[in-house]
Every structure is written in C-alpha cells, then in structure tokens.
Amino acid sequence: MRVSNWMNIDRRWIFLAMGLAIVVPLLLPMRLPMGVQEPTQGLFDAVDAIDPEKQCLLISSDYTPQTEAENHPMTVALLRHAFARRIPVISVVLYIEAAGLIDAAVKQVMAEFNARATTHADSIIYGRDVAFLGWQPPPIVPILSMGESITGIYPVDFYGTPSDSLPMMARIQDYDDVGIVAALSSSSSPLWYVMFAQTKFGVPVGAGCTAVMAPDFYPYLETGQLSGMMGGMKGAAEYEVLVERNFGITDRARANEGMGSQSIAHVVIMAFVVVGNIAFFATRRKEGQA
Amino acid sequence: MKSKLPLALLILMGIFGITSRFIPHPGAEALNAYLRDTLLRIISAFALILGLGNLILRHWSKIKKKEENYGSSYVLLISLTVTAIIGLFGGTSGEGILPTRIGEFSFDVNTLYDKVMIPLGATMFSLLAFYMASAAYRSFRAKNTLAFLLLASAFIVMLGQVPLGQALWSELPSVSHWIMTVPNTAAKRGIDLGITLGVTATLLKILAGIERSWLGGGS
Amino acid sequence: MRRFGHLLVPLLLCTLWLPAQAQAPPGGVTAKDTPSDDGSSITVAWEPAPGARGYRIERAAAEEAFETVGEAEADQRRFEDTGLPQDVPFRYRVVTLGAGGFEAASPPTAPVMAQPQWFNFDLFGVAFACVAFAGVVVWYIARARRGEKLFLRRIAGLDAVEEAVGRATEMGRAVLYIPGTGYISDIATVASMNILGEVAKKTAEYGTKINVPNRDPVVYTVAREVVKNAHIEAGRPEAHDPNSVHFVVEYALAYAAAVSGIMVREKPATNLFLGYFAAESLILAETGASTGAIQIAGTDQVTQLPFFVVACDYTLMGEELYAASAYLSRDPLMVGALKGQDIGKFLFLLLLVFGSIASLIFGIDAGWLLATTGY
Amino acid sequence: MSAEVVWVWVGAFLTLCILSFLYRDNPFYRFGEHLFVGVSNGYFVAFMFHRVIRPVMLEPFWGAVQTAGESGLSWELFNPIAPQNFLLIIPGLVGCLYFTRFIPGTQWMVRIPIGIFMGYYTGLSVPAYFEGTVFPQMRGTLVTQSDFSAAAGSSSIDGIWALVVLLGVLGTLSYFFFSREHKGIWKVGAKTGIVFVMVGFGASFGFTVMARVSLAIGRFLFLLRDWLGVIS
C-alpha cells in the first residue's frame, strides 16, 4: 500500500481502532504510572486534614449514570480514603438517579474494608462510620438546610432508618461538624455548595467534576473557594493513586483502569493524525514533482 | 394587525424581560414570577402539539404511500402512542389509573426513560469518541500556518491529558494548562464580547420591527 | 490575711472592671434600609471599636426587648439583616465582644424600616451600558435610513452559502438545513431563520429541494412560514413543498439520531448547520462529512465552534452568524445596526487598552467601571 | 428472569443498534432511531401534561371552580397570581392560538404566542449577557498592577500572561470588525486574533477528547459488565 493511499482511508478502520483501544484495556486492566496534579493533591490534603474525632466528610454525589465512568470512581476513592483514616462519612445525592449507584458503592467499599478487618473496632460499621442519607428534593433545599440540621432535612436515611438513631449522627449536627463537603458532579453542584453553603456557613468545599466542566472550576480553585478538585477521569485516577500510595489500599482502581483505555485511545487518535499528515505531505511532494 | 399586534405584544414582553433584572421591587418580582412560571410555561407546553401533529401526519403518509423504509414509521408511531398512553394515564411513575406494573416488572414512563431513552441517548453521545477520532484524522493536516496551530495545540493538550505525556515530558500538563488558560481564554472572551453586542443589536432590530424573520419573513 | 481583706475586694473588682472599662462600644452605629433590594433587609454599619474580637448585632421591634440577629468578625464594618417584613420599624444596636467575655453595647439607633426599591443601583453600570449601546445602534440605523452607504467586508462563510446551494442544484440533490437545537428566543435561531429565508429563496429560484428538520415546535412553525414566504418572494409559490419543513423531536440526542439517519439515507449535497448547538454538533457534522456533502456551519456557542471548524468546510463564528442577515440581504438598516456593533467593539477595545494603561502606569483601577455589585 | 435482567438486555440491544451505525446505516439503527424519536416524543407528552398542564393550569383552575361552588365567587378567584384562580384560562387560550395554524384565515394568530414567548426571553438575555459576560470578562481582561505584584500572589510571569490574554482579546475583537477591510492595523489585529482563535479551538478539541472517551468507556462498561458480565 502506498503512503499516499493513507490520505483517505475508510473511517471505519479508525472506528475499529478506537473501539479496540477502549475495550481491550477494560478486559485486560493495565496500570500506567501517574503523576498527581495540584488540584487533586489539594483535595486529598483537605480530606486528610479532617480530625476523625471532631468532624466528618460529607460526600455529595450529584451525577447521573451517564457520567458514571468519570464520577463514580471519585466516590469510591473518597470512601476508601475516609475509611482508611476512620473519618466518619455522610453520603447524600442531589439527584435520585445516583442513589442506586451510591448505595452499591458504600456497600462495596465497606465490604472491602471488612474483608481485611480482624476486630469489631477495625471494621467499618454502618451508622457508626458511615451513613447514606439518600435524596431530598429540590437540590438547593438540602444544601441550605444542612447548615441548620442535617437530621432535620434527612429525617430518615436511604434505607428508611430514622437518621437520628444512627450513632454517628449524635455528634454530627450541621456544617460545623463537617470537615469538607466533597461535591462530585456532572453539573455545577460544587458551585451551589460554594454559593449557598460556604458563603452562609463557611464550610470548605471540594469538587469532583467531569473533564468538560473542569475549566469552569479553575477560577474557584485560584480564589480558594474550592479547596481542591478532581477533574474528570484523570483526577479520579490521581486520587486513587494517592489513596494507594498513602494507605496501601490496592482494591480495584476503576479510574486507573479507565485511564488505560484513555491513554490508548488518545495515542490512537494522535497516531492517525500523524499518519494523515505523513500521507498529506507525501502526496503534496508527489504532486509537486509531477 | 396581522403583524402589528404580535409585534406590540413582543415589545411589551421584551420590556418586561429587560427590566426584570433591574427592578428589585416585590411587585415586579411577582409579575415576573407569574410570567415565567405560569404564562410562558403553559404557552410552551401547547406548542408541542403543533410539532407532534406534523410528525404523525408525515409518518402516516409515508406508511400510506409505502415509501422506502416505511416500516420504521410504524416503529415510531407505535412507540410514540404507547409511551404517551402509558405516561398520560399511568402517571409519571405508575401512580395513574392505568396499571404500569406486571408482577415485579414495571414499565411506567420514568422507567422507560431510564431503561430506553438513557441507553439510546448515552450511546448516541458515546459515538462522539469515534467521531472525534475520524474528524481529527481528516482535518488535522498542517496545510497552512493556521491549520498547523490548530493541530499543534490539540496535540499538546491531548498528550498532556494522559500519563504517557507526563512520562515523555513532566512539564507537558503545565503547558497544556497554559494553553487552556491563556490563548483559549483570550479567544473565547473576544468572541463572547462580540456575541453580546450582536445579541443586543438583534434584539433592538426585532423591537424596531426591522428584523422580521420570526414573523415568517416576507412583508 | 484578714488584715488585707478590705484591700483585696476592691482590687479584685478593679481587675474585673478595668478591661471592661477599656472595652468601648462601636461608634457611629447606623441602620439604613438596604438600597437596591426587594424590601426585606436593613444594613447596619459601625465604626470599629479598638480591641474588639467581634461584634454582635441586636434588633428590637417597637416596645420589645433586643434580640440577637447575627455576629460579625472583628474586621467587619457592616451587617445585612435579611428576611425582614416590609415597612415595620426596628431599632438596632451593636455590641462589642471584647477580651475575657466583656461586652459593650452601643446606644440604639433610631427606628428604621425595610423598604423595596424600584431600581437596582448595583446594576447601574449594566443598565448604562445597555442603554448607551442601544443609542449607538439606533444612531447608525438612523444614519442608514437617511440613505448613507456603509461598507461591509467580505465574510467567506456567507459567500460560500450561495456556492453550496448551486452545487446541490448541479448534483440534483437536496439542501439540508439544520436550524439548530435552540428555541426561537435564542438570537442564534433568529439569525438562522433569516439565513433560511435567503437560502430558501435561492433553492426556490433554482428549483432545488430543501429539507428542514426541527427540534423545537415553535421554530418549526416559524421556519415553515419562512420557507413558504421565500417561495412567494422568489415568484415560485408552486414550487413550495409543504413537507420540506418538518418537526422531529424535542430531545436533542434523538434529534441528532434522526438527522444522522436523514443524512445517510437521502444524501443531501449541502448541509447547513446554522443556529444554537450543543454536544450534538459533532455527531451531525461528522455524519454529514462522511456522506461527502459540502458543509457550512455557524453558531454562537463558543464551546461547539472547534468541532464545526474541524468537521465543516466553512464556519461562521459567533457574531458572524448574526451579521449574516445584514450581509445576505444588504438591507441598509441591518447594515447600520452592524456598524453600531462595530462601534461597540471599538469602545470595548478602547476601554481595555486605556484601562490597562491607567492601571499599569498611573495605578488607577478601572475595574470599578465594570463593577456589578455594591459600590 | 427478573425485571432488571430484562431491562439490561433491552439496554444492551439498543446500545448495539446505535453502535452499528458506525459500520453503516442498517435496519437495526433505523429501528433504534425511530424508537428513540417515538419514545422521546411520548415521554415529552406525558412530561408536559403531568409537570406543566395539570399542576400549573388544570388543578388550580379546578380548585377555583370548587371554591366558587362551595363559597361563591370572590375577587380572590380572579387574582392571576393567587394559587387558585379562573384567569388561568387565559394562558391556556393563548396557548390554543398555536392551533390557529390549521384554520385558514386565522393563521397569523400563531404569531401571538410566539411574540409573547420570544419577547420575554430575548429581553431577559440582554442584561444577562452584559452582566454575566461583558462586565466580568472585561474586568478579568484588564491588566492591573496586582497582576505583577507578589503581594497579590502573582509573579511577573503571571503579569506577562495577563498581557498576552489582553492582546488576544484585542486581536479577536478586531477580527470581528465587519465595517472595516482587514488592512493595515486591522489586518495585524485580525491576524493576531485568528491565531489565538485557532490555538484556543485546537486546545478545546484536544481537551474534550478525554470526556468523550469517558462516555464511550461508560457504554462499554455497561455492555461488558452489566450485560455480558465478562468483567467484574
């Protein structure tokens, strides 16, 4: 095949290459070395600085299943981080669509830790170390009301248990008892927490967002309104790396596995661009000679 | 009359729209809340019927004339009717008069949304990953300086996003961040500033009756 | 020990009393109706008291006792008491919170009522800019009305529209016109309707088929009229096919699926994507490119422009789309308005250049000119 | 077979229908496409009825009728912003004007609801653009001494980048001058502008790849994990 024929290859070959680039790494997970960028480190440090005796981590998972690949590993990584340091976790969702996903994530990470636990104190116990309070519409209402009383706006948890009967809720009343709100979102929910919860109650806010949204959030990082951020799947992968490095937790790191697909897909696109250009210049030189 | 009355209403509503941001008085706020939450919401809900009428007639005639692929028109009409009936009579999540549950199998419209529309929509969306590849291959050719700039900055940012880029040159993510925050911001700002002026000028033209395309053009 | 008892008691009292004496209440406490609001808040302001660790703001309705409404940090000078009823008088006082729990309250203010305003002065700059720019545009429209000729530069993407319609005619295939996924109230859609009128006139003259699928039912209604009237204006009302403009579905991704289908099945020679677009832009433009159609796109959604630039032959960027109505119709009034836009951009340029110079060289902050809240 | 399993199979089938379009148009894609259009339209009908027409118009109107029946007519029932009132019939009637399109001779009346809708929302957008775009973006573009000062957390390199942004904005703005030929200073400006635009567009494109690949990963995870179960 002559180089100039590559000018206009059937685009279905490109689609096939992209498909393989995405599927093969999912089937054969591989790990690539990963550096950690500043916004992710900032969020990790902010969560790490929470005193487990005094405050808790509030995870607000505000995404729909459509951005699961990007946002969901963030929830899992944060849960692992908090459990590893025994920081109590309150989990809420602003959109009902995420509820099933979060329920599964809480159970999965609890199971991971309890499989390793040897004593009762060592285990992660629902109600003592973590509470999934579920969903209360519309989004702005819980954001504001949690400043007054968390159990007030979430009278029962996701499973229908009265939330003030959960032992951990005895000492967690409002945003004063929250070390940081981590809002993981496919929309602007981190900014709602900044606008409504931070300005009024002074609670620190961290963000997890999709790659498309990330540029919109940088200005808030610069002003310090956001303590840190996980941007897209890469941000999630970096957080996984931090949790792994600091606590030696080696459970499945979905974002890192996804980054395998990402890397290869990026390389495939770039390779096609290079091939296209080589063919383009080869053709042009030939036309110049003719 | 035929265009003066609609234009007069448009001007009146345009004034309400423009001034709503500037008047904090509760009376004005109440008026605006009424316009937005009641009047305009109801009006726009009715518009859908216009479109549906056209869609149904179009596919009905395709079936009658047995045009190419007319079988798909059956799929469309049946799925539309069934979903609409389930939704109208079954309520959004099965609270209506029509039962939307057989045993543990429920098929209310919210379920149809989650289980039919979401997979279809998400897959349409995911086609973009493939299309980005084919568009990049076809168009990122260094034909001239501008095309080269487009290609080069895309290349750097793509590389800066993945671990491989960092492995090649540890500063690459910073370079790609710089491109996003400096040249990209400048270009977006410049375009956005012009757009604001265009929007305002167009509104003025509409209010002055110079811009008449919304009336269907003509005189 | 007992001998000193009589000394100890006053001494103790003194140690308790001295810091409290030193702790002055804040001075110059004022309470005023908050300007530019809906009549639900009062702003309390005060001069700092030396050594204060913070302040407590208290409010009293007529004849009633003072109650706490909020606290302020030591460096704060004002506090906004919100959520108040309209036209009810309240008195305020500010209490200094000093070291060791000592407090000192200011005298109460005169009664003040929260009242709504009819104009938001925080947005004075925005209102002024809107009015000033409107004045410039109206001025140039008036000049055009007096018959003054105004120059308009070439816009390649718009010149290409005619060529693209011509190509569809030569090939005997249709022109596919996508008016975007916005509403009729989006200015991009208005601009698109305008271009549709010109395109439909050309297709009517050449006898080329035009296909206009719509996402919004109102846009569909307008587009239908536009195409019909264009045929009448072109003198070819008999060539108008009432089915050429049609509604598809409101959900943008389903719309993208359907339009992709139209592209591969009907293989139009020319695809025009003009209006508001979101993520579906590349789905449409790439599918269109695969059928070999000549493609011209235009949108004011800056985030979608890169995809159109990459996948289409010509792209109208932002304002170029709005300029289309003036450019294609050469209506002097439209051209006048466009000239007004240019003056607006020129003013932006001047403000940016001189504002930056003023700040860098003379240290004058020009940012306040552009403030939108509280000044 | 549980309901969940049925829906996973349905989802997987529909996913494959759409993906098959990458190969070429085919009956499966046509099925998926037309089903998508049909179900979406049906969903919107239900949505508009249950979320708008019923709660915003019908129920409050019916409430007013009941109140009138129980305690007679009162002015409160004609207050357009009261929770229950008779005047809700007006927006309904205006909405019905859309149907005049089908009645010969009255077709122009369809412009009334269009004018009302368009007037309000275009009017709303003008101050919003000025307040939301022009003012903050211009403020962000102005170069100030604090861009260079270490006290404000900047360094001289930040100041230089601020100047570059200013230059880019000026260039891009001058590219969009329509009443001047791109000659002389305008040519320099417009050329600078288009350089920034191309670099910016390239970057936006490159930056978006990751998000789009993530969407595709999400779909393949659904196929491989939820449907086929080949990965855990």
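The reply below begins with the part requested, a helical chain and its contact with a partner, and then turns to the other chains.

Biologist: Which elements of chain B supply the side that touches chain D, and how is B:H59 placed in helix α2 of chain B?

Modeller: Everything that follows is read from a predicted model, and I will start with the contact itself, which takes 104 residues from chain B and 99 residues from chain D. On the side of chain B that touches chain D, at least two residues each come from α1 (4-20), α2 (26-64), α3 (70-90), β2 (105-106), α4 (109-139), α5 (145-161), α7 (172-181) and α8 (183-207) of chain B. Sorted by class, that side of chain B holds 72 nonpolar, 24 polar and eight charged residues.

Of the 25 residues of α8(B), 24 are buried, so the helix is largely enclosed by the rest of the structure. Just beyond α8(B), the residue B:G209 adopts a positive phi of about 75 degrees.

The residue you asked about, B:H59, lies in helix α2 of chain B. B:H59 counts as buried because it has 23 C-beta neighbours inside 10 Å, where 20 or more are required. Leaving aside residues up to four places away in sequence, B:H59 touches B:S73, B:L76 and B:L77.

In chain C, six strands form an open sheet with parallel pairing, in the order β11-β10-β9-β12-β13-β14. Its edge strands, each pairing on one side only, are β11 (245-247) and β14 (314-317) of chain C, and from one strand to the next the twist averages 15 degrees. Within this sheet, strand β9 (residues 175-178) of chain C runs parallel to strand β12 (residues 270-274) of chain C and is joined to it by four bridges; in this pairing C:Y177 stands opposite C:L272 in β12(C). Helix α3 (residues 156-171) of chain C packs on the sheet, where it touches β9, β12, β13 (294-299) and β14 of chain C, and its direction makes about 145 degrees with that of β13(C).

Chain A has 290 residues, of which 49% are buried, and among its contacts between residues at least 6 apart in sequence, 73% join residues at least 24 apart. The chain is divided into domain 1 (1-31 + 255-290) and domain 2 (34-252), and the centres of these two domains of chain A, taken over C-alpha atoms, are separated by 38 Å. Five residues from domain 1 of chain A and eight residues from domain 2 of chain A take part in the contact between them. On the side of domain 1 of chain A that touches domain 2 of chain A there are two nonpolar, three polar and no charged residues.

Note on methods: Residues numbered from 1 in each chain as written. Chains lettered and ligands numbered in written order. Predicted model: local features only at pLDDT ≥ 70, side-chain atom pairs only at ≥ 80, totals over all residues. Buried ≥ 20, exposed ≤ 12 C-beta atoms within 10 Å, placed from the backbone. Contact = placed C-beta atoms within 7 Å. Domains from an automatic or database assignment. Nonpolar A, V, L, I, M, F, W, Y, C, P; charged D, E, K, R; others polar. Pairing = 2+ DSSP bridges. Axes fitted to C-alpha atoms, helices over the stretch in contact; angles between N-to-C directions.
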